[in-house]
Every structure is written in structure tokens, then in C-alpha cells.
Amino acid sequence: MSVDRLAELIRERRPCVVLTGAGISTESGIPDFRSPTGIWARYDPLEYATIDAFLRDPVKVWDFYARRLEVFGAAEPNDGHRALVTLEDRGWVQAVITQNIDRLHERAGSRALVEVHGSVRTSSCLDCGAVVPRDEVVALLPVPHCPNCGRVLKPDVVMFGELLPAAQIGRAESLAREAGVLLVVGSSLEVYPVAALPLETLANGGALAIVNRGSTPLDRRASVVIDGGAGETLTALAERLQ
Ligand SMILES: [Zn+2]
């Protein structure tokens, strides 16, 4: 019933812009961050996920990222990622904004993609600016050094204490403002500034829909809330939006 309502909302109010978080990737076997079995339960973010931690001890932070690259490489896009590609192909979804750095949307085939927290596609040198693609970085593990100057590379992901890439967050904000519907998938909307994107949509007269396991602070302002998995819900949605 809720999926029917969601399909109806998108039909009425398109364009639909999708905002995804860790909850869509857990169905591909990638752990989330904040749940009891999540990444922060095993790795203290202050030691592994801040820019200060990286500058202090990049070797330690790379030990963490090497494991994450291995998990991402072994994971495959799931039904949720694929359904979003289908909906984009059919013209229902205008763009996907994601907090995920795992490249699963790209590998599924999403074309209009805004990665607001960066991605593991490349790593960069903070001294000389060299940009090194993922496959080369993997070959340089356990600690990838810059091929030009020798400094330890930094993965091109946003760490705590860093600003979000201006072009990506600017694009995400303008998509959120222009969206007829902002569909949040697998995000508990707790991490700013991404969590503020739905407020941009609402402030400009758009509607909000949320598909997430568990509640979010914006459930009360959403037109549709589905407490369910991304894969099954988005597959059912694609069946209704031919
Ligand atoms: Zn360098």
C-alpha cells in the first residue's frame, strides 16, 4: 500500500531526486556506520575517520581503508541500486545523490550521480596534487605513496573535519531545491549537511518520501514513510512505474 502511495506521489510530483545512504549498501554486504554491528563499533572514528587522524598517522588510517577497499571490491550492486537505474532509464528519477563512497551506484549503471562524500575511485596527494586511480592505489597497498613525490596518498573521500566538495554539495542543493519529490533511501538523516537537503526540498514546495529501516528525524514531515529494505521496496516501486 505504501509503495502504491509512493508511486502515485512520484507520478504526481516528478522530477524525483533520490538521496541514498549506507542502508542501500548494507544489502550488498557492506556494513553501515552507526548500528551495533557497524563500522564505528569496531573502529573509533576519531582514530580512523578524521582528517586530523589521517594527518597524524596515515599508515594506520590506510590499514582501515585497505580493508574497506577489499569489502567494496568484493561487493556487488543489489536490487535497490539496479531499480534506481531502471527508474532513471524510464525518466522517473532525475539524479541520485549519495553519501556512499563504495561506487555501487556507478557500477550498477546510474548516470546522473552526485557523490557528496567523495568516493574511493581515486586517491590524491596533498602535496603535489597527483590523482591516482583506485586500481593503482590497490597495487600500492598496504600504504600507497605518491608516485611523484612520495607522500602518503589520501583517499578522495570526505573525512570528519573536512568540508564537502563544493561542486558536489552545490549540485546536490540545487537538485534538492528543484525536486518535486526527494526520495530518501537508507539514510537515517543524521549527518549534516546532507541531512539538510530534504529541508531544501520542503522549503521550495517539494514533497519528501523516506524508505529506511528505522525512524528518521524527518519522518513527520514526509508524505510517505516506508520502514523497509531498499531492494524490495525499490523493486516494487519500479514495477509500478513503467
Ligand atoms: Zn605527490
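Tryptophan 62 and tyrosine 65 are both buried, that is, under 20% relative accessible area with a 1.4 Å probe and protein chains only, where over 50% is exposed and in between is partly exposed. This is a predicted model, in which local features need pLDDT of at least 70 and side-chain atom pairs count only at pLDDT 80 or more, while totals for chains, interfaces and linings use all residues. Residues are numbered from 1 along each chain as its sequence is written, and side-chain values use heavy atoms, without hydrogens and water.

## The largest nonpolar core

Trp62, Phe64 and Tyr65 touch the most other members of the largest nonpolar core, which has 29 residues. Such a core is a set of buried Ala, Val, Leu, Ile, Met, Phe, Trp, Tyr and Cys residues joined through side-chain atoms within 4.5 Å. Helices H3 (39-42), H5 (51-56) and H6 (58-74) each give two or more residues to this core; helices here are DSSP runs of H or I with at least four residues, numbered from the N terminus. H6 provides the largest share, six residues.

## Aromatic pairs

Rings of Phe, Tyr and Trp (its six-membered ring) pair if their centres lie within 6.5 Å; planes under 30 degrees apart are stacked, over 60 edge-to-face and the rest tilted. The count by this rule is eight aromatic pairs. Phenylalanine 33 and tryptophan 40 form a tilted pair, because their ring centres are 4.9 Å apart and their planes stand at 40 degrees. The rings of tryptophan 62 and tyrosine 65 have centres 6.2 Å apart and planes at 65 degrees, so this pair is edge-to-face.
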